[in-house]
Amino acid sequence: MPLRASKPSGLLHLEDRQNTAYPGLIPSLLEAQSFTCQEMQKHPKKMFEDPKRKLLIILAVLMLPSSAQTGNMDKLLGHHCTDFQTANFLRGSKLKVQFLLFTSSSPTCGELISADDGIKNCSFNSSLETKIIIHGFRALGTKPSWIEGLVQAILHTSQVNVIAVDWVYGSTGAYASAVENVTRLALVISQFISKLLALGVSGTSIHIIGVSLGAHVGGLVGHFHGGHLGRITALDPAGPKYTRASPEERLDPGDAVFVEAIHTDADNFGIRIPVGHIDYFVNGGKDQPGCPRFISAGLLEQAGVNMSRLPQEVKVFLMTSPSAPFCVHHSLVEFHLQKKRNRVTSIEISFSSNSTKDTAKITIPKDQETGKQLLAHQVPLCQINSVTLKYIPKNRFWSKDEPSIVGKLCVAPLPLNSSRTMSCLPWSLTLHSKTDISYDLPTACA
């Protein structure tokens, strides 16, 4: 299937008018466009020394409609916008790879890069960091809907090269056939990166961002480069076929200088095990607030981790709210029983402010005294007016649980530091079966 380049709407508009007010102008404009990026690199001034060519370019710029400015300017400078391929379920399993470059000067127009010509492309800047985005399984053969938003978000915050790897052909159809293409795709990307390194690009400046199946592709790419690439970020790394795979077959901490993974669907298609130096399990890594609960439905630099001594497969549990801006405050809550029990103890705890109420459940294992839980709340801890506790007994047909329990409640805002420590209510609490008991939570705002 030929590569599909989007044709700027402004040139279509001009071509419709070439037999009226501007006869013969369009062929000349198209001739002016024949200056490629490679020619401009060799002769940067030649294009503007020719008076005729210069006049044609000025006229074209003035005439192009504003609705097509970005695409047309790119095309006038020898830069054709290339879109992702579109496959279909029946004919999409054969691997075809495109590398599309996006830059701060052209964040919405993908520039097709060929690895065969040594990346001789005027838009790629070897002095900048390079982000390589790899999508995952595309069942219906469509372009990832999130790709443009991610590219523009990166370029909005960073002056970098962004390269999107389009392997829609190869990721479509049956999931098993897409998995079979993972190693082949990783080799293609690895060879492409070798071309970048030959241009003087630093291996540590390369950051691979892999989504779902693309996360394991990125892991293999890093493995092929001896784990010397700078960073791999895995977004919801795929689980099927990889949960029981060896580290050599999937993403693991040895694949880059720093490997991080963000788990958001571990109860369906995401992997359940840690695969990086640090793994974030957002809202437990399973169903996300505000998202459908059925199948079909900017982190800090180096994630704030000290790069001199990397952790090994550390789990981090984060929580979010179901609506924008999705940020919440986190507190550690503990309940200390006055005496151990021979069965599991469950306590429901709620934080209430003037306008919010947030709830979590503390579970104290059998024969233990202390239970801990992370409670996400929408307002700072100092704005919480009261805390409500409810003891939930474990009654069975053949035995009944104790009607009440006694213990102490302790709370600490996270993260803990010298000024944010654990504080406990100064008295013991007696919680009766399935009865709400509320207490003031005196916490001063800093």
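Buried means under 20% relative accessible area, exposed over 50%, and partly exposed in between (1.4 Å probe, protein chains only). This is a predicted model, in which local features need pLDDT of at least 70, side-chain atom pairs count only at pLDDT 80 or more, and totals for chains, interfaces and linings use all residues. Residues are numbered from 1 along each chain as its sequence is written, and side-chain values use heavy atoms, with hydrogens and water left out.

Q: Why is Glu402 called partly exposed?
A: Glu402 has 33% relative accessibility. That value lies between the cut-offs of 20% and 50%, so Glu402 counts as partly exposed.

Q: What makes Arg341 count as buried?
A: Arg341 has 4% relative accessibility. Buried means under 20%, so Arg341 is buried.

Q: Why is the contact of Glu402 and Arg341 called a salt bridge?
A: A salt bridge needs a side-chain nitrogen of Lys or Arg within 4 Å of a carboxyl oxygen of Asp or Glu. For Glu402 and Arg341 the N to O distance is 3.7 Å, so the pair qualifies.

Q: Which parts of the chain does this pair tie together?
A: Glu402 lies in the loop between β14 (386-392) and β15 (404-413), and Arg341 in the loop between β10 (329-337) and β11 (345-352), so parts 61 residues apart in sequence are tied together. Strands here are DSSP runs (E, at least two residues), numbered from the N terminus.

Q: What makes Glu148 and Lys143 a salt bridge?
A: Their closest N and O atoms are 2.7 Å apart. The limit is 4 Å, so this pair qualifies too.

Terms used
Helices (H or I, at least four residues) and strands (E, at least two) are DSSP runs, numbered from the N terminus.
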